[in-house]
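Please read it alongside the sequence and structure shown here.

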Amino acid sequence: MQKLADKTALITGGNSGIGLATAKLFSAHGARIAITGRNPESLQQAQEILGEDALVMQSEAGRLDDIDNAMAAVRERFGRLDVLVANAAVALPTPFAQVTEAQFDDINAINYKGVFFTIQKALPLLSAGASVIVTTSISNQAGAPNFSVYAAGKAALRSLVQSLALELIDRGIRVNAISPGPIDTPGFGRWDIPQEAVQAIREEFVRRSPSKRFGRADEVAQAALFLASTDSSYVVGAEIVVDGGFSLPL
Ligand SMILES: NC(=O)c1ccc[n+]([C@@H]2O[C@H](COP(=O)([O-])OP(=O)(O)OC[C@H]3O[C@@H](n4cnc5c(N)ncnc54)[C@H](OP(=O)(O)O)[C@@H]3O)[C@@H](O)[C@H]2O)c1
């Protein structure tokens, strides 16, 4: 059964990892798809995967004029939005003592400010009954050494989800969060550190995981499908943790 027939969905960061898996699953469930991303090659690949009817946009997540342009393109092509997945983010490991103001501003522009204004600027397009899904991270509560800016930004998003859930429910718009744990995506490990260090981090995550493995992007997409569809019609301001038990206390 198609769960998103006649629905229109915009997924930011839809050309890679969790966002692309979500776009594919939503498309298989009948949704009209719009995505944003940065990398021209993976945007082109996403267009081929999602088909020519998908609206694929190069759009810088932290730039308000780009967000305006993306919303204008969605309005022109589809007229409205029923599902918004605010998912684009970067995660760059840096010891706290070495975080520069420029890094702080860049990461927060993409991960926090970008999500905030993406939802705000989508508001005029969001239909009654729309679902807004924000990709946060289990680090929003647990914190993450060497990812202090990222984790704090994700905590801000978790708070934002609750504020907006309360503020927008009168319009029939449900706002919820998905918090992934370690998920095997192109983004995980695309860091400016030696590959051996990336491998060591991966092995440590697997060792600590109750499930003894990374999650797959499509496993996170299934949670997004639940929140996007009327299956979750009474789920408001919630956080679905998809982490194989990683954040459970030992
Ligand atoms: N993978 C994990 O273990 C994990 C764990 C917890 C939370 N998450 C969250 O899950 C979400 C998806 O991450 P992922 O793991 O799927 O990583 P990914 O494969 O790197 O995907 C990230 C997406 O965000 C886009 N993006 C990043 N910076 C952007 C910018 N400045 N402007 C526009 N688009 C931008 C990327 O586009 P380009 O590729 O074109 O730059 C890409 O499509 C993120 O919110 C991440 O924080 C992931």
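## Cavities in the predicted model

A cavity is here a set of points, on a 1 Å grid over the protein atoms alone, where a 1.4 Å probe fits but cannot get out. The coordinates are those of a predicted model, and the structure holds 2 cavities of 30 Å³ or more. The second largest cavity has a volume of about 50 Å³, and about 50 Å³ of space also lies in the largest cavity.

## The second largest cavity

The lining of the second largest cavity is made up of Ile 11, Ile 18, Gly 19, Thr 22, Val 85, Asn 87, Thr 135, Ile 178, Val 220 and Ala 224. Sorted by class, the lining of the second largest cavity has 6 nonpolar and 4 polar residues, with no charged residues.

## The largest cavity

Around the largest cavity lie Leu 92, Thr 94, Val 99, Gln 103, Ile 107, Asn 146, Phe 147, Ser 148, Val 149 and Tyr 150, which form its lining. Helices α4 (101-122) and α6 each supply at least two residues of this lining, and α6 gives the most, with 3 residues. The lining of the largest cavity divides into 6 nonpolar, 4 polar and no charged residues.

## The shell around the ligand

The ligand is surrounded by 30 residues, and the closest are Asn 15, Ser 16, Asn 39, Glu 60 and Tyr 150. Of these, Tyr 150 is also one of the residues that line the largest cavity. By class, the shell around the ligand divides into 12 nonpolar, 14 polar and 4 charged residues.

Which polar backbone atoms lie 2.8 Å and 2.6 Å from an oxygen atom of the ligand? The distance of 2.8 Å belongs to a polar backbone atom of Arg 38, and that of 2.6 Å to a polar backbone atom of Asn 39. From the side chains, a polar atom of Arg 190 lies 2.9 Å from an oxygen atom of the ligand. Taken alone, the ligand exposes 870 Å², and the protein buries 94% of that.

## Aromatic pairs

The structure holds 9 aromatic pairs. One of them is formed by Tyr 112 and Phe 116, whose rings are 6.4 Å apart centre to centre, with 75° between the planes, so that the pair is edge-to-face, because planes over 60 degrees apart are counted in that class. Both Tyr 112 and Phe 116 lie in helix α4, 4 residues apart, which is about one turn of the helix. Helix α4 also supplies at least two residues of the lining of the largest cavity.

Definitions and conventions: Residues numbered from 1 in each chain as written. Predicted model: local features only at pLDDT ≥ 70, side-chain atom pairs only at ≥ 80, totals over all residues. Heavy atoms only, no water. Near = heavy atom within 4 Å. Polar contact = N/O pair within 3.5 Å; in protein donor to acceptor, adjacent residues only side chain to side chain. Areas by Shrake-Rupley, 256 points an atom, 1.4 Å probe, with all protein chains shown as cover. Nonpolar A, V, L, I, M, F, W, Y, C, P; charged D, E, K, R; others polar. 1 Å grid on protein atoms, 1.4 Å probe; cavity = no way out; pocket = protein on both sides within 12 Å on 5 of 7 lines; lining within 4 Å. Points joined across faces, edges and corners; volume = space filled by probe spheres on them. Phe/Tyr/Trp six-rings, centres within 6.5 Å; stacked < 30°, edge-to-face > 60°.
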